[in-house]
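Biologist: Could you walk me through this model and show me how to read its salt bridges and its interface?
Modeller: Gladly; let's bring it up first.

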Amino acid sequence: MSAQFHTSQVASLVLRRAPFLRRRISVEGKRRLLFRPMAAAAAAASGDGLKKGIAEFYDESSGIWENIWGDHMHHGFYEADSSATVAGHRAAQVRMVEEALSFAGVSDDPLKKPMRIVDVGCGIGGSSRYLAKKYGAQVQGITLSPVQAKRAQDLTMAEELADKVSFQVADALEQPFPDGQFNLVWSMESGEHMPDKEKFVRELARVAAPGGIIIIVTWCHRDLLPSEEELKPDEIKLLNKICNAYYLPKWCSAADYVHIAGSLLLQDIKRADWSDNVAPFWPAVIKSALTWGGLTSLLRSGWKTIKGALVMPLMINGYKKGLIKFTIITCRKPE
Amino acid sequence: MRLLTHNMLACNIKGVTNGYPLRLEAEKWVEKEVNFNADFLRSVFPKIEWPALVGAVRALGCHDLLPQDAPNPSALDSDDDFLRRFHRALLQLHVEEGALVCPETGRRFPISKGIPNMLLHEDEV
């Protein structure tokens, strides 16, 4: 995470992994790259090892999360400075989905609404089913976790949405779809698992139909100042602990995402910091974990889940320090 | 895995240019009742790759379920029998166990408990 790169190494890494950025570099010449390439550092934390870790983490933890928090595996959206309760959590999680759609400008109009949607990092299908119901759309969900995919499928059949929603075990960086399939490309809190952010966004763009909307809601670290090459050592240390517990590769900033989207010639790029709107979430999760039901479930689950739970205060710490930013980035594929 | 899903999946191994449609090998498949929704069928019909759907249906042994060539879209409004067959083929036939095979490389993507596993190996990306 703390590797320092010389400019020439930086340039060659980026050129090898990112043909789209190659054009940008030749135009910008020697101008310092704002975007920190994650390629080399992430290689150690990427590949089959990371994917297996992610799959196993969710295979193990999915059930306990679902028991307490339901089928939406993402933050709730709250009014800033309010408090969250488990009772109100589902409404907040639904609100998160609605706020994201609204921010991105997704239309409800019967002629313009999305009819083919991909849920990238679909968990047990909470967003997939919600979007299918909202728009009457066809939704494909992909996840690395076979346990989640099966659970998603069972829940979908139980809700009689099997005609609209289906799930595959697949890699977001190698989506098993031909180009240009989806009017809406949805990534709700899965971006943090992607070891190669540029490839991740490139795949989202590839499967988006012309004119299609891409929505990424994800955890980022704060933007670097113009004078900074990287985060401060204590910040890196904190993120490393979180990465280790949640099977996350190296983080990037919202500015990095915007830069990537721009380099892919995506349009209407927008970003927002919703950290204040999710701040009540982690304390509520911790509280739920400390209930009798929460603790016994944790003890019955595996070490991976427990480690994930123990690291939750670090997330709160990260938010409080302004290091961790809950971010939404949306954009549109050109027609 | 429904055949609607099969119609959307492709092989993305690096360098493969002809990764669609995937050949379907079904070891175990079942028919599950799904609510009939004519509007949904009409809206999805234009997006369906017909040869891929026919190939899949035949791979399941249902040779007479769908015509070889895609009918005129007006059939969706006038031909209830066709609509029902289309509904059955697209949504009610579920492959529980089997594989999807890349037409170019022969690579097999397993289907287990109804879920296709499309993960690529390290050397395929």
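Biologist: Which residues are linked in a network of salt bridges?
Modeller: That network takes in A:Asp71, A:Arg90, A:Arg129, A:Lys133 and A:Glu159. Keep in mind as we go that this is a predicted model.

Biologist: How much confidence does the predictor have in chain A, and where does pLDDT stay under 50?
Modeller: As a general idea, where pLDDT is low, the predicted coordinates should not be read in detail. In chain A the mean pLDDT is 83, with 85% of the residues at 70 or more. The stretch under 50 is residues 1–44 of chain A, for which the model has 62 contacts beyond four places in sequence.

Biologist: Are A:Glu98 and A:Lys134 buried, exposed or in between?
Modeller: Relative accessibility decides that, with buried meaning under 20% and exposed over 50%. A:Glu98 has 27%, so A:Glu98 counts as partly exposed. A:Lys134 is also partly exposed because its value is 29%.

Biologist: And what about A:Glu235 and A:Arg222: buried or exposed?
Modeller: Both are buried. Their closest N and O atoms are 2.9 Å apart in a salt bridge.

Biologist: Which residue forms a salt bridge with B:Arg42?
Modeller: The partner is B:Asp77, with the closest N and O atoms 3.1 Å apart. B:Arg42 lies in helix 2 (residues 38–44) of chain B and B:Asp77 in helix 4 (residues 75–78), so the pair ties together parts 35 residues apart in sequence. B:Asp77 is exposed because its relative accessible area is 60%, whereas B:Arg42, at 29%, counts as partly exposed.

Biologist: Now the interface. What area do chain B and chain A bury between them?
Modeller: The size of an interface is often given as the accessible area lost when the parts come together. For chain B and chain A this is about 2,500 Å², 58% of it on carbon and sulfur atoms. Contact involves 27 residues of chain B and 31 residues of chain A.

Biologist: How many salt bridges and polar contacts cross it?
Modeller: Zero salt bridges are found across this interface, but eleven residue pairs are in polar contact. On the side of chain B that touches chain A, 15 residues are nonpolar, seven polar and five charged.

Notes. Residues numbered from 1 in each chain as written. Chains lettered and ligands numbered in written order. Predicted model: local features only at pLDDT ≥ 70, side-chain atom pairs only at ≥ 80, totals over all residues. Heavy atoms only, no water. pLDDT = per-residue confidence, 0-100. Contact = heavy atoms within 4.5 Å. Buried < 20%, exposed > 50% of the residue type's maximum accessible area, 1.4 Å probe, protein only. Salt bridge = Lys/Arg side-chain N within 4 Å of Asp/Glu carboxyl O. Helix = DSSP H or I, 4+ residues; strand = E, 2+ residues; numbered from the N terminus. Buried area = accessible area lost by both parts, 1.4 Å probe. Polar contact = N/O pair within 3.5 Å; in protein donor to acceptor, adjacent residues only side chain to side chain. Nonpolar A, V, L, I, M, F, W, Y, C, P; charged D, E, K, R; others polar.
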